[in-house]
Amino acid sequence: MRCSILKYCIGTALLAAAALVVWAAEIRLTDLRSEPDPHTNTHFAPRRFETAAAWTAHRDQIRKQVLASTGLFPMPHRSPVRARSYGRIVRKGYVVEKLLIETLPGFYVGANVYYPEGRRRRRPGVLIAHGHWKHGRVEHSDVYSVPALGAQLAANGYVALAYDMVGYNDTRQVPHKFGDSEKERAWSYGPLALQLWNSIRMLDYLAARRDIDPARLAITGASGGGTQTYLLAAVDDRIQVSIPAVMVSAKFQGDDPCEMAPGLRIDTNNMELAAVVAPKPMLLLSTSRDWTSNVPTIEYPAIQEIYGLLGWANRVESLHVDSEHGYNAEQRMAALRFLGKHFNMPGPVREGDSFTESPSEFLVGQKVAGSLPGALDKDGVFLAWQHLLTARNQTMTKGQRVELLRLLTGSRIPVKPILVATRGEGFLHRDGESDVVPARIIAGHKSMSIVAVHGKGADSALKMRAVKEAQSAGAQVVAIDAFGTGSSAAAPRGRHGDHLVFHYSDDANRVQDILTAASWLAGQAVTSGQGAVPVTLHCGGGGESWCRLAAAVSPIALTVHAEGDHAAEPNIPGLWAAGYTAAAR
């Protein structure tokens, strides 16, 4: 066991391996799941990975976690994207076209495509995701300019697509901030989820253009656009080069709703999220006057080490400038050089024409999007999202559904959970994990194994009629204080609004506790030479829904005996997006 997990070490000599029991006179364990950390302002230390295999296993988990947290695992069906053009603006050497791109039926995202003037041929394509500047995709200042970046790319032979965040400019059918209701969380619906879907659909549009080489696609963006950059690159293999600006930080993970989703950063952080794209080329842009001030000494070396494990340390680069938060001319020039290097584009790199026009020149106008036939209001967009995922769920295999539920709950059955027995009580603990489950063990013959669960804890569980009958029949019973119940009811909860971004919900933790107890019981039977013994979950007092979900995700057969008829669903973000409802069980 690890001292960092248990707070106090338990000597390995005390472990009775056959029975999986540790006896001690006085041991107090702390369930670290009840602690408020980490959160978005936690200063993360880079994690070391000893081998390429260790990193790739973690990388694969992160990728699935990003998709599950945004409702996109597995990926919904994507029909050919539809775009409406609202005029072209011709400049010296390039053209800017105004578009509305339909990413859900009746939901339109404003965009500008910048492309070279003259004969069209297949060129590299670059998505530009903007940050939280007032004018969004048309913000133009010395420190940050989307139009200057788009023009520079087009003047150098690229096709660039700059598109709106939700709630900005032409894309106001929904506000920028939403997703706080329990129903929205159950459907994995929030700004980050919708924006990641929009980014995927923008890439669909870009890749399908006749003037695009689909083998040379990239994305770049600053601040909140930097978040979209590394997230899209992490989950969409079509992205070959990524350039996240001023957002890959060990000390700040992003605090806007479009940068947070329940489950997104559990056991990970922005350094690792950005590194998921390895070994594909990535350029980190950072500045001395924001939360990326330490990139040259902390974040970049950590990410370069991961690239090195894969044998491609030279494919990640860093540019650090003495400037405020933004994406300025020096950074734009560096981005062009990096793209040219990896997309085999000729130089010389040159800056496009400076902009003096009103930003509104590149906008379609939000009234246009709202007046299109079939255009939805914010409630209609939410309903379209539900229809998208419902259609996806109808084609999911049983294996995909179980994997998705495991991702949403963090549930897995350990091979050898350990029972730590102290004076009159026990604690189940999974080695290397942060959970500690208070448990009452009633000895019996191991051919009958019962896990007793009640919404008020172990004491109430042992009073349930069916549990008393099983105990009288000689069954072995484990009654647990599932997370936040019984003796753990007073455990502190997260004190930050981003708690669910970094932690599983209370009900998800309770599902895991039930699986831990069931695994320990099953292991007891195996180590005693009896082979596989059925495990029954006896549940009541509101614990019925936790037990049903535990049985749904368990790799060993679990039978559920419900004391009552509590139809309430577990409060776990994403369950409805996964198709798990009372009617679907």
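## Burial and the Arg 201 pair

A residue counts as buried when its relative accessible area is under 20%. In this predicted model, Arg 201 has a relative accessible area of 4%, so Arg 201 is buried. The salt-bridge partner of Arg 201 is Asp 204, and the closest N and O atoms of the two side chains are 2.7 Å apart. Asp 204 has a relative accessible area of 12%, a value that also falls under the 20% cut-off for a buried residue.

Both residues belong to helix α5, which covers residues 191–208. Arg 201 and Asp 204 are 3 residues apart in that helix, and therefore about one helical turn separates them.

For the structure as a whole, the count of salt bridges comes to 27.

Another of these contacts links Arg 216 with Asp 213, where the distance from N to O is 2.8 Å. Arg 216 and Asp 213 are both buried.

Which residue forms a salt bridge with Asp 513? The partner is Arg 33, and the closest N and O atoms of this pair lie 2.9 Å apart. Asp 513 is found in helix α16 (residues 506–527), whereas Arg 33 is found in the loop between β2 (21–23) and α2 (52–69). Asp 513 and Arg 33 are both buried.

## The disulfide

How many disulfides does a search of the whole structure find? The search finds 1 disulfide, which joins Cys 539 to Cys 547 with an S to S distance of 1.8 Å. The torsion about the S-S bond of these two residues is about -95°, and for this reason the disulfide is left-handed.

Note on methods. Residues numbered from 1 in each chain as written. Predicted model: local features only at pLDDT ≥ 70, side-chain atom pairs only at ≥ 80, totals over all residues. Heavy atoms only, no water. Salt bridge = Lys/Arg side-chain N within 4 Å of Asp/Glu carboxyl O. Helix = DSSP H or I, 4+ residues; strand = E, 2+ residues; numbered from the N terminus. Buried < 20%, exposed > 50% of the residue type's maximum accessible area, 1.4 Å probe, protein only. Disulfide = S-S within 2.5 Å.
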